[in-house]
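Trainee: I have a structure open and would like to learn how to read it. Could you take me through some features, step by step?

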Amino acid sequence: PTSATTCDATAWAIDADDVVCWNVNKPAPPTIRHFKSPREVGISNNYICALDDTGLHCWFPHDNLEITPPALKNPQHISSGQNVLCAVDDGGLVCWGHGENRAFRLVEVPKLQHRPLKVTLGLRHGCALSEVAVECWYWEDGGKLVLGKGPALDKPTAVSVNQDTSRWNTQEKHWEGFASVCAMDSRGVNCWNMVTGETLPIPVPLSRPTQVKMYWSSEAFAVT
């Protein structure tokens with residue numbers, strides 16, 4: 001396999017020209033779908049989308065039923081969170097979630113200042129990486145879009161967000177918990193809370209980091 005990941009009880013792997021999906025907790029036969037040079041897979045809300053040389057293809061792994069994805073112009077990258085999936089195409093950033101009757105519904109996205117190259121998504125938040133900046137946002141309860149705060153970066157090369165934003169306080173109208181980001185630029189690794197803009201500490205000095213990744217809550221690791 002050239003790539004693999006998991007989401008809840010479902011796992012997938014890209015194996016040559018096949019995308020193989022299975023449930024890690026159930027002894028059931030895997031779902032295998034053939035594509036033309038698949039390069040990325042996103043899984044969200046129990047559906048899967050694969051990007052190959054012919055475009056974007058989406059289906060439900062439980063019954064293998066295909067679902068028509070949003071109209072995209074030459075998609076180059078996809079990324080998935082728990083409730084939303086985003087793509088970068090010739091027009092910029094497009095995001096969608098799972099609507100009624102197994103149909104997709106478009107999700108409001110920010111008007112980015114720079115053309116995105118890649119996107120990273122959490123439960124209700126995301127960041128777009130361009131050649132000159134990292135632009136972040138989050139969706140409040142009800143889907144309202146809010147632009148995130150963060151430091152100015154110098155030639156960023158990677159960004160990752162945590163997967164858990166805790167819960168939305170409906171009375172005081174704010175997140176309780178972190179919507180955290182770590183990014184790597186020419187000066188090293190920076191981590192912050194996109195809601196408050198607060199810088200998050202890095203416990204050890206990093207020498208020449210090459211990768212950075214966030215997980216659930218505010219856990220992160222870097223490859224040096």
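**Reading strands, cores and contacts**

Mentor: Start with one residue. At 43% relative accessibility, lysine 118 counts as partly exposed. Keep in mind that this is a predicted model.

Trainee: Which residue forms a salt bridge with lysine 118?

Mentor: The partner is glutamate 40, and the closest N and O atoms are 3.6 Å apart. Now look at where the two sit. Glutamate 40 is in strand 5 and lysine 118 is in strand 13, residues 118-121. They are 78 residues apart, so the pair links distant parts of the chain.

Trainee: Is glutamate 40 buried or exposed?

Mentor: Glutamate 40 is buried, because its relative accessible area is 18% and the cut-off for buried is under 20%.

Trainee: How many salt bridges are there?

Mentor: The count comes to 4. One of them joins the side chains of aspartate 53 and arginine 39, at 3.2 Å from N to O. Aspartate 53 is in the loop between strand 6 and strand 7, and arginine 39 is in the loop between strand 4 and strand 5. Aspartate 53 is partly exposed at 48%. Arginine 39 is partly exposed too, at 39%.

Trainee: Which residue does aspartate 185 pair with?

Mentor: Aspartate 185 forms a salt bridge with arginine 187, with 3.3 Å between the closest N and O atoms. Compare their surroundings. Aspartate 185 is buried, at 6% relative accessible area. Arginine 187 counts as exposed, at 59%.

Trainee: Back to glutamate 40. Which side chain is joined to it by a polar contact of 2.9 Å?

Mentor: That of histidine 77. Histidine 77 lies in strand 9, residues 77-80, and is buried at 7% relative accessible area. A polar atom of its side chain also lies 3.0 Å from the backbone nitrogen of valine 119. Leaving aside neighbours within four places in sequence, the contacts of histidine 77 include Leu51, Cys86, Leu117 and Lys118.

Trainee: What does the backbone oxygen of valine 119 lie close to, at 2.9 Å?

Mentor: A polar atom of the side chain of serine 79. Serine 79 also lies in strand 9. It counts as buried, at 11% relative accessibility. Among the residues it touches beyond four places in sequence are Leu85, Thr120 and Leu121.

Trainee: How do I read strand pairing?

Mentor: Strands of a sheet pair through backbone hydrogen bonds, either parallel or antiparallel. Here, strand 13 and strand 14 are antiparallel, with 4 bridges. Leucine 121 stands opposite glycine 126 in strand 14. A hairpin of 3 residues joins the two strands. Strand 14 also pairs with strand 15, antiparallel, over 5 bridges. There, histidine 125 has tyrosine 138 as its bridge partner. The hairpin from strand 14 to strand 15 runs through 4 residues.

Trainee: Why is strand 14 largely enclosed by the rest of the structure?

Mentor: Because 5 of its 5 residues are buried. Think about faces next. In a regular strand the side chains alternate between the two faces of the sheet. In strand 14, His125, Cys127 and Leu129 are on one side, while Gly126 and Ala128 are on the other, and all are buried.

Trainee: What about the open sheet? In what order do its 3 strands come?

Mentor: The order is 17-20-21, with antiparallel pairing. Strand 17 and strand 21 are the edge strands, each pairing on one side only. The twist averages 15 degrees from one strand to the next. Between strand 20 and strand 21 there are 6 bridges. Valine 181 stands opposite tryptophan 192 in strand 21.

Trainee: How do I read a nonpolar core?

Mentor: In soluble globular proteins, nonpolar side chains tend to be buried together. The largest nonpolar core here has 15 residues, and Val181 and Trp192 are among those that touch the most other members. Strand 14, strand 15, strand 17 and strand 20 each supply at least two residues. Strand 15 gives the most, with 3 residues. A second, separate core has 14 residues, including Tyr47, Phe60, Leu85 and Trp96.

Trainee: Which residues is valine 181 in contact with, beyond its neighbours within four places in sequence?

Mentor: Among them are Cys127, Cys136, Val159, Trp192, Met194 and Met214.

Technical notes
Residues are numbered from 1 along each chain as its sequence is written. This is a predicted model: local features need pLDDT of at least 70, side-chain atom pairs count only at pLDDT 80 or more; totals for chains, interfaces and linings use all residues. Side-chain values use heavy atoms; hydrogens and water are left out. Buried means under 20% relative accessible area, exposed over 50%, partly exposed in between (1.4 Å probe, protein chains only). A polar contact is a pair of N or O atoms within 3.5 Å; within protein, one must be able to donate a hydrogen and the other to accept it, and residues adjacent in sequence count only if both atoms are side-chain atoms. Contact means heavy atoms within 4.5 Å. Two strands pair if DSSP finds at least two bridges between them. Axes are lines fitted to C-alpha atoms, for helices over the stretch in contact, and angles run from 0 to 180 degrees between N-to-C directions. A nonpolar core is a set of buried Ala, Val, Leu, Ile, Met, Phe, Trp, Tyr and Cys residues joined through side-chain atoms within 4.5 Å.
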